[in-house]
Amino acid sequence: MHLRRICAPSFVLSVLIMIGSPGLKAADPPYRLITQIPVGGEGFWDYLTVDSAAHRLYVSHSTKVVVIDLDKNQVVGEISDTPGVHGIAIAPELGRGFTSNGRENKASIFDLKTNETLSKVDTGENPDAILYVPVTKEVYTFNGRGDSATVFEAQTGRVVTAIALPGKPESAVFDPDSGRIYNNIEDKSEVVAIDIHSHAIMAHWPIAPGEEASGLAIDIRHHRLFAGCHNRMMVMMDSTNGHVVTTVPIGAGVDGNAFDPGTDLAFSSNGEGNVTIAHEEDPNSLKVVQTLPTARGARTMALDPTTHRIYLSTADFESEPAGSSRRRPTVRPGTFRVLVYGETKE
């Protein structure tokens, strides 16, 4: 996942979306800011992962993963030595967690109780998204610069296989009903379906009119995928045949998507400083119901399906001089934090 530069026209567009969306009820928005959890430190961030049963939030932060107690909304630990960490996956039944360490081309295996790193696994180049499949007890790293996925055993760390992918992989989700993993191939603007038993790619599906999808979420019950695209739309796709069912507009700089099966809400976290929230009216209809203001840089997100809360990471940035060509803005040290949003009725 990555941070894209946000400009003023993007903000104007999201305001127009917020005003013009027929599903949005400004007087009764479904989500509001609950609290902010200070973390501090320096460096950039990527994915967040919720362990609902343990009431834990795992937050990537440069060379470590921060562990937050969701009952207290406090930092309670960290997993260290994860250079360039992108993602975190959890295997509660094994008592293990996994991180994708982009700068060292490895995945860490850590103990969920002690946060101790147990071992590391060699992966393809720049492992980004990471996914645990409980059916096979295997872990997949999706290697951004390697155009591949590395598959290893969650218990032993033994590498099972490497899957060649048709381009740069981004987010991935697992569907236990079909036994397939769905993965965005960002630079090809398509989704691939991978069989978890044969590790073979079973389908290539274009996401047009969407382009360069980053975030991906799934509604297992209705067989729907939600892909957050960098041409400012969320694509709803049929996961059984790859048919694009519908789209809705979103903000700029999307890098994360989530779907809540308890509320039928689909979320898109947009780095320009908002979350687009859309309601799945039925399996063929998606309607924007809120453009939730967040903060610049809050581009990734995790959902707790038990509490229906969403969590986003961000920090404050230094002002960039006019004409700056920096790919990323400078983060102000000590300002890194997690934003917590919940239902208005809380």
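**Salt bridges**

Visitor: How many salt bridges does the count come to?
Guide: This is a predicted model, in which local features need pLDDT of at least 70, side-chain atom pairs count only at pLDDT 80 or more, and totals for chains, interfaces and linings use all residues. Residues are numbered from 1 along each chain as its sequence is written, and side-chain values use heavy atoms, with hydrogens and water left out. A salt bridge is a side-chain nitrogen of Lys or Arg within 4 Å of a carboxyl oxygen of Asp or Glu. By this rule, the count is 17.

Visitor: Asp69 meets which side chain in a salt bridge?
Guide: Asp69 lies in strand β4 and its partner in strand β3, so the pair ties together parts 13 residues apart in sequence (strands are DSSP runs of E, at least two residues, numbered from the N terminus). The N to O distance is 3.4 Å, and the partner is Arg56.

Visitor: Is Asp69 buried or partly exposed?
Guide: Buried means under 20% relative accessible area, exposed over 50%, and partly exposed in between, with a 1.4 Å probe and protein chains only. Arg56, at 25%, is partly exposed. Asp69 has a relative accessible area of 9%, so Asp69 is buried.

Visitor: What is the N to O distance between Arg337 and Asp316?
Guide: Arg337 lies in strand β28 and Asp316 in the loop between β27 and β28, so the pair ties together parts 21 residues apart in sequence. Arg337 counts as buried at 16% relative accessibility, while Asp316 is partly exposed at 30%. Their side chains meet in a salt bridge, with an N to O distance of 3.2 Å.

Notes
Helix = DSSP H or I, 4+ residues; strand = E, 2+ residues; numbered from the N terminus.
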